[in-house]
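Try each task yourself before reading its solution.

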Amino acid sequence: MLDNPHPAQIVRDPPPKGSGETAPRLTLSGISKSFPGVRALHNVSLSLYPGQVTALIGENGAGKSTLVKIMTGIYQPDEGAITIDGQTVTLPSAHAAFGHGVTAIHQETVLFDDLTVAENIFLGHAPRTRFGTIDWRTMRKNAREVLDTMHAGHIDADVRLKDLGIANKHLVAVARAMSIDARIVIMDEPTAALSMKEIEELFLLIEFLKSEGKAILFISHKFDEIYRIADRYTVFRDGEMVGEGLIKDAGQSQIVRMMVGRSVDHIFPQRKAEIGAPVLSVSGLSHPTEFNDIGFELHKGEILGFYGLVGAGRSEVMQAISGITRTSGGTITLDGKVIVPKSAADSIEAGIVYVPEERGKQGVVIGLPIFQNVSLPSLKRTSKSGLLRLAEEFSLARSYTERLDLRASSLSQDVGTLSGGNQQKIVIAKWLATAPKVIILDEPTKGIDIGSKAAVHGFMAELVAQGLSVIMVSSELPEILGMSDRVVVMREGLIAAVYDNKGLDAETLVRTAAGIAA
Amino acid sequence: MTDIPAPRRIPDRLDKPLSSAIFSWEALLVVVAIAIFAINSFASPYFLDPYSLSDLTFNFTEKGLIAFAMALLIISGEIDLSVAAIIALASTMMGMAVQAGAGTPVLVLIGIVVGLGCGAFNGLLVTRLGLPSIVVTIGTMSLFRGTAFIILGDQAYKGYPESFAFFGQGYVWWVVSFELVLFLVAAVVYWFLLHRTSFGRRVFAIGNNPVAAQFSGVRVGRIKFILFCLTGLMSGIASVLITSRLGSTRPSIAQGYELEVITMVVLGGVSILGGAGSIVGVVLAAFIMGLVTFGLGLLNVPGIVMSIFIGLLLIIVIALPIVWRRLRGGR
Amino acid sequence: MKAFLKHREIWLLAAIVVLIGLISTRFPAFADPGNLRQVFNDTSILMILALGQMVIILTRSIDLSMASNLCFTGMVVAMLNAAHPAIPIPLLIVIALAVGLVLGAINGLLVWRLNIPSIVVTLGTLTIYRGATFVLSGGAWVNADKMSPEFIGFQRAAFLGIPVLSWIAILVIGLFFVVMTRTALGRSIYAIGVNPTASVYAGIDVGRTKFLVFCISGMIGGLCGYLWISRYVIASVEVANGYELNIIAACVIGGISIAGGIGSVGGAVLGALFLGIISNALPVINISPFWQMAISGSAIILAVVLNARGERQQGRIILRKAEAA
């Protein structure tokens with residue numbers, strides 16, 4: 001682990017007084033958890049109150065996921081006590097946590113696509129007939145009742161989950177929580193993949209859960225959401241609890257300071273726009289189901305932002321340009337030459353690289369060391385007639401990872417042991433090391449900590465200054481507005497508008513993306 | 001942002017503690033091999049004779065040749081259960097050629113080409129149609145051996161030319177057989193291919209994360225296809241050796257070899273889930289399996305009982321590090 | 001999924017009907033109810049085994065040791081019967097189930113407790129169990145004249161005109177159908193195959209469920225040990241050698257996805273029947289039995305190609321016009 005330059009000082013508000021204050025539903029005290037070589041949590045505490053939402057705030061790697069896994073019985077703490085309704089309990093398994101009324105709704109809603117809504121709600125605690133077999137009729141009836149109480153009667157209990165949208169899947173997850181009479185509901189970044197409208201619906205649902213007296217733990221990176229919905233907050237940093245209190249008493253900058261242990265005003269790098277001739281031009285690019293008639297131009301030294309709601313088809317277009325998926329028509333012209341990439345290998349050779357959004361699945365190769373990850377797309381250059389040259393690989397890896405301010409103990413370390421932010425630096429480094437003409441960054445700062453974000457943004461500015469052209473797909477408005485020269489907005493697989501980023505405001509972008517007339 | 005330290009120089013590698021070398025898989029295999037060697041030499045006075053030791057090598061050379069290619073295939077996340085059936089089909093084809101009056105060079109060529117062709121067929125089904133290799137090769141296993149049965153029924157081909165006998169029975173120098181030399185050469189070639197070339201690196205990348213490898217410009221399908229071809233090729237070579245050693249072809253030749261080859265690969269420390277493994281480990285595992293079968297053979301232990309030892313060895317060697325880690329972890 | 005699955009089984013059923021139809025155009029006796037009953041009876045053991053393998057494959061595992069388990073357990077009951085002919089057959093069946101259960105539990109414990117991939121574990125026990133048969137019997141055979149008439153006759157006795165062996169198969173099929181569609185265990189088995197991570201969060205004990213499915217396949221292997229030995233009236237080390245791959249083949253033809261989570265009782269039964277019909281039909285239509293292996297190999301490849309077509313994922317549907325289409 002890295003040294004923490006700022007030893008944690010616990011900022012604690014005075015304990016709330018008055019008779020209106022209820023006792024906590026769940027208390028974690030003195031929880032510690034270590035993994036080989038990593039101290040994930042050290043002596044942390046957390047309290048959840050009935051009818052209240054507590055926001056758990058911290059950078060990536062602060063220990064939030066570990067804590068959730070301890071609360072849901074997936075991990076066992078090394079030290080510390082868990083108290084539910086004043087009674088000390090142990091949660092040796094997910095089933096035990098379930099039995100104590102703890103349930104979690106996760107980032108990628110972990111439910112079963114091929115099972116029906118009713119089955120998902122009652123998996124593990126289905127009503128039985130006299131013979132001990134599943135009582136399907138009662139199950140469907142109960143499922144409908146639960147959905148009705150949540151004002152979600154529009155969801156058909158017999159439909160398979162994969163036929164529902166993500167927001168409705170969340171409703172099913174909540175219905176599941178209701179059906180086991182969960183008293184403690186953990187929501188781990190539930191809004192990460194939701195559109196604005198869906199987020200609003202989720203908030204209504206959280207209000208409903210509050211009114212039912214559930215104790216809710218809400219984990220999010222987004223401050224506007226936290227201020228909107230939470231009653232309390234707890235801040236983690238580097239596996240330690242560094243502050244807690246009532247949200248109404250805390251300012252945003254105060255919480256950010258606690259999170260990062262330093263004051264960070266995230267300022268996007270200033271850069272002089274020296275936009276040159278078109279480098280990449282795309283016209284009429286189409287796919288049978290994903291996008292249609294996509295056309296745009298990218299200039300030398302330009303950052304072209306791609307904004308849209310999640311699922312608008314932005315990643316799909318980018319993957320087609322970089323040869324990963326096939327198109328049904330259209331042309332891609334790079335430096336005046338028409339290219340037809342049939343694989344990522346083709347597009348990399350041509351000079352277009354795609355840095356994917358799904359870091360773990362598509363980006364890093366966990367199991368291989370850092371230097372081998374970085375050199376993977378450039379193996380042709382670092383090897384000589386098929387023979388590896390380790391010295392070349394190390395020097396390539398070093399030059400790019402050090403420019404990105406990677407924190408690692410050595411270049412032979414397995415990438416799986418790095419934090420999300422540092423993995424993202426590897427992901428960017430590996431494609432950049434191919435010396436491309438065009439780099440496509442898909443959600444380059446999604447789910448990484450503020451420090452790493454700044455490093456990535458600074459680096460992007462450096463790249464375009466050197467004459468590289470960048471396409472940046474992002475769903476974060478500040479990032480789009482702060483970094484792009486021009487912004488393409490996509491909606492439902494089509495280009496809705498292209499804006500010059502001069503005096504462009506967030507509202508215009510959101511309206512265009514959502515298809516709302518001004 | 002003054003308090004972020006300036007970029008430091010990240011070292012290439014940290015000095016590995018000695019314990020990591022001591023507890024490596026290869027070290028464990030060496031210890032096991034030495035132990036079995038010692039037990040064998042105490043148990044049987046005939047064991048330490050150079051001619052006995054030379055005979056010993058025939059127990060693993062043919063399977064070992066296939067195991068090298070299989071190791072690469074398993075590291076890439078695929079598997080080939082049809083290798084023994086490829087041996088049967090290639091041997092049958094050679095037998096047919098003998099009936100037609102083919103000479104030794106043609107026979108060898110036929111064995112190798114049939115092996116390569118069968119491997120390419122597996123590779124096409126897996127990479128072009130995107131089918132799971134375990135199922136495809138269960139199918140082609142029946143298809144290849146079934147074809148041998150259709151051609152031969154309960155008959156056998158004999159009458160291979162005398163010069164053909166060299167491959168499976170000949171000696172290059174003193175007690176060093178042609179098969180052993182071929183095994184050692186293949187070991188060096190495959191070690192080089194897996195650990196020293198960009199091809200080998202890509203194989204590891206595919207095994208650990210095929211999607212990320214594809215996004216990184218690795219031609220995943222092409223590499224897997226080549227690996228299936230290599231496995232077929234090695235099976236074809238093994239078929240030449242076995243046919244030459246036995247001097248006859250029956251459709252049931254090399255029955256059950258596929259599981260022994262896979263056992264060898266897994267025992268050698270290759271992860272059955274893909275992404276990890278080494279050729280040195282496979283070589284050691286081949287020696288160990290040869291030692292066990294041969295040592296027990298000298299003690300007149302029947303083959304079927306030997307297989308118990310191989311099975312136990314496989315499970316114990318895999319389980320040992322896990323149990324050891326648990327005990328040390330204090331769980 | 002369910003509608004789709006039914007689809008797949010209907011296709012397989014149609015293929016079987018067409019196959020029988022084709023054979024009967026030239027050899028009408030083949031489609032005779034009496035003969036079809038015979039085919040069913042001949043295929044009973046494979047059907048039962050395929051069901052045991054199915055629950056394993058559904059949880060993304062594989063059991064290569066089933067045929068060796070069958071061989072070992074068969075030898076145990078045969079030797080028991082030879083030594084103590086007085087032991088009643090139902091008790092022998094219970095013993096077979098128990099021995100099979102122990103062998104399955106060993107696999108299951110290694111998979112559950114030590115987290116060793118099932119293919120490695122059962123590759124090991126495949127050779128161990130068969131080797132143990134040799135140790136147990138000393139390499140000797142137990143043949144018909146050492147077995148009691150009850151031992152041989154039990155499964156041949158007819159009840160309502162159908163042999164007991166077929167009744168056992170029907171009973172096992174019914175039992176599996178209830179377990180897979182009507183019990184929490186069945187749901188858990190599917191859930192683990194579809195999404196193991198999510199199953200953990202749903203409070204399913206993945207390891208323990210895997211242990212249970214290995215116990216099930218072990219018991220099935222044991223039961224078939226008795227059925228096989230009493231049917232072919234010989235117990236030796238060679239019994240069912242290599243048969244583990246036939247069992248898996250029946251599952252694959254029956255549409256059970258090797259990637260787990262997809263498959264049904266009907267599929268496994270039809271897959272086994274398909275293979276059974278081919279092996280019964282070959283002598284009838286005067287094709288050498290040596291063709292059988294190549295034909296089932298081709299059937300496996302064809303089945304997996306067809307199944308993969310159905311499972312192939314289409315791209316996301318984003319465009320409105322595509323959604324409407």
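**Exercise 1.** Work out how many residues of chain C are in contact with chain B, and which elements of chain C they come from.

*Solution.* Start with the count: 40 residues of chain C are in contact with 39 residues of chain B, where contact means that the C-beta atoms, placed from the backbone, lie within 7 Å. This is a predicted model, in which local features need pLDDT of at least 70 and side-chain atom pairs count only at pLDDT 80 or more, while totals for chains, interfaces and linings use all residues. Residues are numbered from 1 along each chain as its sequence is written, and chains are lettered from A and ligands numbered from 1 in the order in which they are written.

Next, find the elements. On the side of chain C that touches chain B, two or more residues come from each of α5 (118-137), α11 (243-253) and α13 (292-311) of chain C. Helices here are DSSP runs (H or I, at least four residues), as are strands (E, at least two), numbered from the N terminus. The most is given by α5(C), with 14 residues.

**Exercise 2.** Take W174(B) and A240(C): where does each lie, and is each buried or exposed?

*Solution.* W174(B) sits in the loop between β1 (171-173) and β2 (176-177) of chain B. Its phi is near 50 degrees, a positive value in a residue other than glycine. W174(B) is exposed, with 9 other C-beta atoms within 10 Å; exposed means 12 or fewer such atoms, buried 20 or more, and partly exposed in between, with C-beta atoms placed from the backbone.

A240(C) is found in the loop between β4 (234-235) and α11 of chain C. It has a positive phi of about 55 degrees although it is not a glycine. A240(C) is buried, because 24 other C-beta atoms lie within 10 Å.

Conventions:
Contact = placed C-beta atoms within 7 Å.
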